[in-house]
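Hi everyone, thanks for making time.

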Amino acid sequence: MRAVRLAWRLQRWELASLIAFVAAVVVALVGIGWRMEQIQASAPECFGDAHGPAGSDQGACEASFMAYSALQQIGPYAAVGATLAPFLLGVILGPPLVGREIEGRTAAIAWTLSGSRWRWLALRAGPVALLVLVAMVVLGLAGTTLAEQVAGGEPGFDPVVPPLPLEVARGGLALAIGLLAGTLIGRTFPAVLAAALAIVVVMSATSIGIDAWMKTEARPVPQAFGMAGASKIYETGLRDDGTGDVITLAQYYRTPGVDDAAELPPPGMTLVVWVIPAAEYPTWMWREAGMLASLAAAAAAMFVVATAGRSPGSP
Amino acid sequence: MRTMSAWARLSFRLQRLEILLLTAAVLLASGLMLWLGFQLNGLSAAYPECDFADPARSCRAAGETFGSAVGIGELIIMSTSPLTIGVALFLGVPLVAREAEQGTAQLAWTIGPSRVRWLIGRVAFAALVGVLLLGLLAVMTDLLAAAMRPEINTSQAFWFYGGRGPLLIGRGMLAFGAGVLIGAVLGKQLPALLLAALAVGGLTLASEIAFGSWHETEAVVASPTDHLSEPLGISSGIELPSGERVGYGGAEFQDDNGDLYANEADFLARRNSLGREYQLIIPGRRYSEIVARETAVLTGVGVLLIGGAAVVTSRRRPV
């Protein structure tokens, strides 16, 4: 309890602003999702399936549709808050934890009075890490209803609200990078900037890496295959119906003697696309969360090592 | 000369890490934009016969490569706006806030002839660095945008309006002024950074609304060829036979002449036309003028905010 009180006192302004931000996002996510569910429940005949009415009177349903559609459009704006939250929490709460003590030259006395740096670290970082974890779990859960409503209950890539495991992994990574930046730089404000840049670079690199990995595992399937909306589609090509060989359209048009103006697909071939079906999204989401969590663990370990070996008095 | 050099050296030392990190980020983004611009220009030069917006089959492979590069370019240009605000806030917020937070303001303000002169010296260097970095981003975004749309003259088109070119400098200066002022008022760096980011969001929204109203007073009716130069769309709707302009409400069908009808029977019989569709725009040829004007207004507001910071600094307690 003493550790929580101390954490609050040392970062009161930042904690209060961020808690207010997270609370506002949670209220928006839950409120919009709940209202959408309520509209559907009040006029079930208008919402036969995810995409439209079940043979009901369009005119009578118009008011419900309009209200639902307005919320469907506002929802993603609220979801931006959930996407930004892990980044903001990590960048604002992480760097000052050790950085401020070193910058203010209070690290030496704080580390000595606590008996050991490990104990001090646990008491200072523990409550903040717990807060980030709780915030990410609450945000992940708050977005569930909205995500189901906006996506029509179908799983798929590019979800409106980040799913819970990704939210937690991103929050953990951002906090670990923030803590590491604060310890290495030893000055709060530049560390906040360094952490922000590092988080953007690491998360972008992870996203590019995952995409490259997915591209290698995409499979060619006939274009008529149900791949609406939320599947990941990479390239279009042609499959020889006789041999089963597959080539990309670019390769096909480079083949000598191909008639540019002829209709596709040419006789004896089927138009295919390289795709990862929407149903495989959970697998890939867990892979990405796992990668981010591993990076977070590595950054946290580097933070602990850096703090243990750091001189307390020199920013 | 020696005084200038000492001033620059001291100012740089006070924000060394921030300046180095921001410069690295801006150089990285600029390098990416330059590289992508070369790729796109190379493709355009290698396939002069191809229209990448609607590629013929023989152009499809090159068209796909061009299209995916344009997609990356759009992402990079969109990421430039947060980078612009970041540069401005990280340079502006700590100018007064750090001195107040660390208790060095009293000493700094006592040594100099006046607090306002001290602030001008600090602000001038940070603003110079900011303008240089934002200027680089402005040039690079314009170059990349031109490479992404080889079929139009992007210096006379509202394509990616607000996300490229000199307006980035204007927006940055507005954010810089807000950062300096809020830092001076709060005297704590991190809370000031958070509040300044929020304030910049509000100011940007307010400026969009104000400029939108200004544009409405200058809009002209679009000619049939205006859409080719990517004009700035202001509003559209139905022009009634009386000359009154109203929204699209009730219009369901439109014929080739632009006349609108409420139902299919009227449309098929070509009777009871509700009126004709109109579009109000600002033509693409006015792009440079509008951008220069808005950049000047945003920079002016930023300078006013810095003036406010000078007033706060001259009156606030140093700790």
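Let's start with Glu14(A) and Arg100(A), whose side chains meet in a salt bridge at 2.9 Å, N to O. By salt bridge I mean a side-chain nitrogen of Lys or Arg within 4 Å of a carboxyl oxygen of Asp or Glu. Glu14(A) lies in helix 2 of chain A and Arg100(A) in helix 3 (residues 58-103) of chain A, so this pair ties together parts that are 86 residues apart in sequence. When I say helix or strand, I mean DSSP runs numbered from the N terminus: helices are H or I with at least four residues, strands are E with at least two.

Before going on, a word on where this comes from: it's a predicted model, where local features need pLDDT of at least 70, side-chain atom pairs count only at pLDDT 80 or more, and totals for chains, interfaces and linings use all residues. Residues are numbered from 1 along each chain as its sequence is written, chains are lettered from A and ligands numbered from 1 in the order in which they are written, and side-chain values use heavy atoms, with hydrogens and water left out.

Back to our pair: is Glu14(A) buried or exposed? Glu14(A) counts as buried, at 3% relative accessibility, while Arg100(A) counts as partly exposed at 26%. The cut-offs are under 20% relative accessible area for buried, over 50% for exposed, and partly exposed in between, with a 1.4 Å probe and protein chains only.

How many salt bridges are there over all chains? By this rule, the count comes to 17. In general, side chains of opposite charge can pair when their charged atoms come close.

Over in chain B, Arg171(B) forms a salt bridge with Glu208(B), and the closest N and O atoms are 3.0 Å apart. That pair links distant parts of the chain, with Arg171(B) in helix 7 (residues 167-186) of chain B and Glu208(B) in helix 8 (residues 189-218) of chain B, 37 residues apart. Glu208(B) is partly exposed, with a relative accessible area of 42%.

One more pair is Arg245(B) with Glu239(B), again a salt bridge with the closest N and O atoms 3.0 Å apart. Arg245(B) is partly exposed at 38%, and Glu239(B) is partly exposed at 29%. There's also a network, where salt bridges that share partners join Glu218(B), Arg286(B), Glu289(B) and Arg293(B).

Arg2(A), Arg5(A), Arg9(A), Arg12(A), Arg119(A) and Lys188(B) form a positive surface patch. Patches are made of residues with over 30% relative accessible area and no salt bridge, joining like charges within 9 Å and nonpolar side chains (Val, Leu, Ile, Met, Phe, Trp, Tyr) within 5 Å. Which element gives the largest share of the positive patch? That's helix 1 (residues 2-10) of chain A, with three residues. Arg12(A) is found in helix 2 (residues 12-42) of chain A, and Arg12(A) is partly exposed at 46%.

There's a nonpolar patch too, about 330 Å², made by Leu130(A), Leu133(A), Val134(A) and Val138(A). That area comes from the Shrake-Rupley method with a 1.4 Å probe. Leu133(A) is in helix 5 (residues 117-150) of chain A, and Leu133(A) is partly exposed, at 42%.

On to the strands. Strand 2 (residues 232-240) of chain A runs antiparallel to strand 4 (residues 269-276) of chain A, and eight bridges join them. Two strands pair if DSSP finds at least two bridges between them. Asp240(A) stands opposite Met269(A) in strand 4. Strand 2 of chain A also pairs with strand 3 (residues 246-248) of chain A, antiparallel, over three bridges; there, Leu238(A) has Ile247(A) as its bridge partner. Strands 2 and 3 of chain A form a hairpin with five residues between them, and Gly244(A) in the turn has a positive phi of about 85°.

Last stop: most residues other than glycine have a negative phi. Arg270(B), not a glycine, has a positive phi of about 55°, and Asn272(B), also not a glycine, has a positive phi of about 50°. Arg270(B) is in the loop between helix 9 (264-269) and strand 6 (275-282) of chain B, and Asn272(B) lies in the loop between helix 9 and strand 6 of chain B. Arg270(B) is partly exposed at 46%, whereas Asn272(B) is exposed at 55%.

Notes
Lys and Arg count as positive and Asp and Glu as negative; His and the chain ends are not counted. The place of a charge is taken as NZ of Lys, CZ of Arg, CG of Asp or CD of Glu.
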